[in-house]
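Hi,

Here is the structure I promised to pass on. Have a look at it first, and my notes follow below.

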Amino acid sequence: MDPAIRTQDLTRIYRKARSRGEPQGEFRALDGVNLEVRPGELFGLLGPNGAGKSTLIKILSTLLFPTSGLAQVCGLDVVKQCEQVRERINMVSGGEPSGYGLLTIREQLWVFSQLYGLTTKTALERIDRALEQYGLANDAGTKINRLSTGMRQKMNLIRGFMTNPTVLFLDEPTLGLDVHIARQTRDYIRSWMAEDRSRTILLTTHYMAEAEDLCDRVAIIHAGKIRACDTPANLIAAFRRETVFELTLAGLDGRAAELRNLAGVTVVRLDSDPAAGRTTVRLSMPDDAALPAVLGGIAGLGGRILNLSKNEVTLEDVFVGIAGRSFADAEKQEE
Amino acid sequence: MSSLRNNLRAAGARAWIRVVAANRELSWVWFETFLPALTTACYVFIYRAMGAAPEFESYVILGGIMIGFWLNVLWGMAAQFFWEKDMGNLDIYMMAPISRMAILLGMALGGMTGTAMRSVVILLLGIFAFRVRFEVAGLATAFGIFLLTMASLYGLGMMLSSLFLLFGRGAQRWAEAAQEPIYLLAGFYFPVRNLGFGVAAAASLFPLALGIDAMRQTALGSRAGFLPVGVEAAALAALTVLFGLLARTMLRTMENRAKTEGKLTLKWQ
Amino acid sequence: MKRALRNAATSFVLCWKKETNWAGAWVYLPFALLRPVAGALLIFVMVRAASAPPDYFAPAWLGNAFFQLVPAVLGGLAWAVIEDRERYQMFKYIYLAPGNVVPYLMGHGLARAAHALIGVAALAAAGVALLGIRTPEFHPALLAVTLALGLACLLALSLALAGLALLVARHGHFMTESIGGVFFLFSGAVFPVDVLPAWIRPLAFASPVTWWLELLRRSLGLHFGSALDGVSTPAALAILAGFTVFCAFLGRAAWFAGERKARWKGLLDATTAY
Ligand SMILES: Nc1ncnc2c1ncn2[C@@H]1O[C@H](COP(=O)(O)OP(=O)(O)O)[C@@H](O)[C@H]1O
Ligand SMILES: [Mg+2]
């Protein structure tokens, strides 16, 4: 059986807009990506902003050509056989407005269903059922230009689900959603997958917990390259020998950044709140034996420990271990 | 065959959006029917001020009616395709398993409600307020010419939509700037042969120039035609085929280029 | 006040750039002239097709030239509202920024006026240099005063339209195009008011543009029809000034009414395209 998605040395180079006097620059958004997603899998692509997630999704959903390499969906080449690929896919991109302001949710969904050759009867049945399941039934008659962000995104997701694609691409489906709607969304994704075991979803996210909670397998992408690919449990297990501590410190007075220089540990996350004079730091280290040295280092910076706890390894720790820096840092660098 | 059905379904749905939305927001009736009728009347008065023969009034009315169809193809279809990108809908159309032409057709058909209204208002104005006289015998031929003109105009519109897709805002600027030049070259307000043979022949690449001229000859009995009606009809048919083929290739080429350059989903360029 | 001026100036520059920045000057200039020149040629060809009498051409040509300002300014503000709201989805930010949105819109209108003046100048020059139009008299002071008054009046009316644009859907394009058409009909731009049926003529007298164009023609010693002959030039100036004051109040009131209603109905950041 063909893999649902397969890429081989997939590379995409964007030409940077020419600014005066400078030669035209190039930007490698995807760099030799090899990926294989099996039918029936809920596959997560995890990476910070700018990692290349959307670029990959656009290539796979026939909206963008790769610069080189191979990309297949259901064994079909996304460049040469795009017509056949389109019969089998759908894509939803989170956080993007779409639709026509004067139509209602139900009408809008019907319109988009007509792009996939559904009869009106089938389409309306599916739409009504999805609206019901996803808690949007009461808003079916609301016009698009009166929707809240959450409702708009729910509508957009239903647009993807209602055509029953073999492979569904979800680009940051929970972007900008509140905790409650995000949970509803994850539940809906799971139930849609459970309805038919041959369905495949490739979803991207930069929320670790979401990938850990939802996905059968996860690939970690960073700066256009796949850094690791396995089940969340395996990724974490491979990392289990590491020990993770979370400390709350006081008295660092602006020297919090120097924690990054402590020998023998990796700083996973560092939040300092100068107003309250507190710093929370998450550290991962090869074994407990390194702890006394770390505590000494903190004391040397003038820090007092308010709280110290030993924690479970999470996907975030794995990511930092692999990419060498945390999401927050990566995003800062982007800006 | 199922693919034809699916494409028609998609076109129907896209047209339906227009019709429904137009019914929900009726301010367009004012802007798209009443005011254009006034503009048309203006050109009638210009001829009156010049003391021109009454048939010029019929010429203006016919031209005024046809302008609506041109505007629908240009702004309601070709440019709309590009606006969909800013609205976040173009991706959805582009990755659906249907032809882009179906979507374009839907846009044009959906806009026809408004255009038809506009035409009727101008026609009534011409008949009741001005001195428009039809040659009843020529009306059937004129209708055939009208359909042919629409077909080639639609082909031209699809070509333009691919240019809009690629050049975005720049193309829109050009389309805006070309408005009066098109009004001039198409002979909306005077028989096109007044441009001189060379210019009129060049202007005939724009299907409305030939279409309006042929309709004036058949429906209004104009003797100021540019070429014989038969020749004009044949040329229109040739243009329809040519534009249709070109539109297909151009749409595909432009889409591929946009996909290569990563511009297909790039907003606000 | 100072802030409002700065706001307007920034907006002027912004709009000017939006109009011109996308191309180099050598593309831009012929481009900017395309519309006015083609529109004027349209009249020229009509004159020839219908063999119009010789005294028709000069006042019609110049009337049409000056008329370029009307749709440009009149639609300018409404267009700024619609484009910023629907296309860039930025209107809400401009609206909520400190300082008033009105100076911002005015800046847009002035930039469009400056843009249109290029066409006016070119057409007038072409008429004189190429088409043999002669102006029997020339009163620069009258011309300047009339231009300034007319511009103020158009900007004020335009503000009213911008208020309306906040409330209607998607039709910005048709609105800005066709409102210009109304004035084209009722203002004696390309045919004398005399040609209009008697029962429509009062509408022409109620249009400030009629008086504006009449005064512009008088400043050049031209004569177009006889409907306005009974009004002396000072009286016509007074009428235009009166219209300007009236339109200023109207524009202000209509804008604030539109704004209030839009805010009430949540239309300041609506998108209505279909
Ligand atoms: N059309 C484009 N032209 C130029 N650069 C682009 C384009 N689209 C994306 N990029 C760049 O490619 C990189 C990856 O973008 P993207 O795939 O959107 O990342 P992600 O979805 O992971 O946040 C970013 O640095 C972005 O700036
Ligand atoms: Mg992204």
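In what order do the 4 strands of the open sheet in chain A come? The order is β2-β1-β4-β5, with antiparallel pairing. At the edges sit β2 and β5 (76-77) of chain A, each of which pairs on one side only. Bear in mind as you read that this is a predicted model.

A:Gln72 has A:Asp77 in β5(A) as its bridge partner. There is also a helix to find here: α1(A) lies across β1 (5-15), β2 and β4 of chain A, and runs at about 115 degrees to β1(A).

Now for the ligand. Ligand 1 is surrounded by 13 residues, and the closest include A:Gly50, A:Lys53 and A:Ser54. They divide into 6 nonpolar, 6 polar and 1 charged. The largest share of this shell, 3 residues, comes from α1(A), while β2 (26-37) and α1 (53-60) of chain A each supply at least two residues.

The site is shared between chains, because residues from both A and B surround ligand 1. On the chain A side, a backbone N or O atom of A:Lys53 is 2.8 Å from an oxygen atom of the ligand, and a polar side-chain atom of A:Ser54 is 2.7 Å from an oxygen atom of ligand 1. From chain B, a polar backbone atom of B:Gly262 lies 3.1 Å from a nitrogen atom of ligand 1. Taken alone, ligand 1 exposes 560 Å², and the protein buries 72% of that.

Cheers

Note on methods
Residues numbered from 1 in each chain as written. Chains lettered and ligands numbered in written order. Predicted model: local features only at pLDDT ≥ 70, side-chain atom pairs only at ≥ 80, totals over all residues. Heavy atoms only, no water. Near = heavy atom within 4 Å. Polar contact = N/O pair within 3.5 Å; in protein donor to acceptor, adjacent residues only side chain to side chain. Areas by Shrake-Rupley, 256 points an atom, 1.4 Å probe, with all protein chains shown as cover. Nonpolar A, V, L, I, M, F, W, Y, C, P; charged D, E, K, R; others polar. Pairing = 2+ DSSP bridges. Contact = heavy atoms within 4.5 Å. Axes fitted to C-alpha atoms, helices over the stretch in contact; angles between N-to-C directions.
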